[in-house]
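Let's take a look at this chain together, from its overall build down to its core. Have the structure open as you read.

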Amino acid sequence: SAISLAEVLSSSGSMGPLQGGLPLSWKDTVPQSRYIREAGVRQFLSTYRRVKDIENDRLFYGDEIEYSLVKVDEQKREVRISLRGGEVMEELNRRETNADNRKSYGGCTWHQEYGSWMLEGTPAMPFGGYTSSLLQVEHSMRLRRARLYTVLPEDEIAPTMVIFPLMGVGDFVHPPAAPGGPASLSDSVPDSCINPHPRFATLTANIRERRGSKVDIRVPLFKDEHTEGEEVLMDCMAFGMGCCCLQVTFQGSDVDESRYLYDQLATLAPVMLALTAASPIFKGKLVDTDVRWQVISSAVDDRTPAERGEKSSAAADDRCAGGAVSRLSKSRYDSVSVYISDTAHATDEMSAYYNDVPCEIDEKVQADLIKEGIAKPLARHVAHLFVRDPLVVFEGAIEELDDETSVEHFESLNSTNWQSMRWKPPPPKTKCGPHIGWRTEFRSMEVQLTDFENAAFTAFVVLVTRVLLV
């Protein structure tokens, strides 16, 4: 049966799956954290046993592009972000259901993003493994942009830019709103900038409450003889998760190929981040960096002072991962920490040579996975994900879930470890649904202003994967 890109990308998107129900506050999440982490491991094992023998899957791939809605007042020469992302997305998806896409590269699919001024567009159908499919990528991106503009009024635009340069400066939102709110407590960004789905405000609040303070984002200013100050200070998750990017997901032929692509592309991720660098301005100031990476890393850094290596008198809380006091070397948004293919661990010497950065793990999780027959490199990767706590837990979807058929608890950790690569096991099968295999997501690239540039970078990464597998 036909396979949609939404399904190929499902279960581990940039923000994970959305669902109904009431999300729990951090105070109510803490007592559930241990159970969710233990259930997540059980769900991974159940999934792995079910799909480990999948083989000979063909290449499918697809891109994800994020757009910003901007309202332009030409008379006053003012621009503001337009907080209509959800409204625009619903209208676009409504039109897609009625569109004849036989000559439109399968059509488009539209998704929510963290910011209420943002939305994400993907091709409705993934691209196949033929050379001709590379020619479809730019056409699909142009189609998405054209369809997006059909639902915007004359005074709105939707550029593919990494960050709105005036984010956090004065009156920068439409409709106007005062800074702050119960989720972020920001001094410069209103909570109305957060997607109204309850997951996103809860994510914002729970990161802040777990770390014990507002997020602390600092970027050095670009300095000349007239520059005053040393850095740009930002205090809201929206500065980071409001950044737009270009991501590409590939389906591997089997589990081993997906792990191999993860490792090989991980070394390319920082190179492609540098080549696509497109964010020199934050909070209205020219900064001495070119990419979004450290801003997002700081924006979702939920580590407690003890986990960050700061002096702390806080006692360990056994309900949390590592007691919420074990040292963690970096934020949960960062580069990968360990290679996961057997190739990088062929010998102990090779493993030590290539895996040369700190990689904190849950020792019990790793031991349990190895005991169940999971290869040590993969067990180490999963154990590294599980040194974090779940951030968004929904009422009625905790012990009620069947660990043999559900992956929600596993994905609550996998989808909130925002690393430069993401490894995605096949999701649970649905009745009459398509077959979906092992996938690898390339996550480092910054979105470009034109469809040609975005298509060129997408095609380049696709071609690299083919070279790696020759």
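Of the 470 residues in the protein chain, 57% count as buried, meaning under 20% relative accessible area with a 1.4 Å probe, protein chains only. Keep in mind that this is a predicted model, where local features need pLDDT of at least 70, side-chain atom pairs count only at pLDDT 80 or more, and totals for chains, interfaces and linings use all residues. Residues are numbered from 1 along each chain as its sequence is written, and side-chain values use heavy atoms, with hydrogens and water left out.

Here are some whole-chain values.

| Property of the protein chain | Value |
|---|---|
| Span of the C-alpha trace along its principal axes | about 70 × 60 × 50 Å |
| Accessible surface (Shrake-Rupley method, 1.4 Å probe) | about 20200 Å² |

Carbon and sulfur atoms own 53% of that accessible surface.

How does the chain fold up? It has 13 helices and 17 strands, which are DSSP runs (H or I, at least four residues, for helices; E, at least two, for strands) numbered from the N terminus. The chain is as compact as a globular protein of 470 residues, because its radius of gyration is 22 Å, close to the 23 Å from the globule rule. That radius is taken over C-alpha atoms, and the rule is 2.2 Å times the number of residues to the power 0.38.

Now for the inside. The largest nonpolar core has 116 residues, and Leu-148 and Phe-442 touch the most other members. Such a core is a set of buried Ala, Val, Leu, Ile, Met, Phe, Trp, Tyr and Cys residues joined through side-chain atoms within 4.5 Å. Helix H7 (residues 255-275) gives this core its largest share, eight residues.

Terms used:
Buried < 20%, exposed > 50% of the residue type's maximum accessible area, 1.4 Å probe, protein only.
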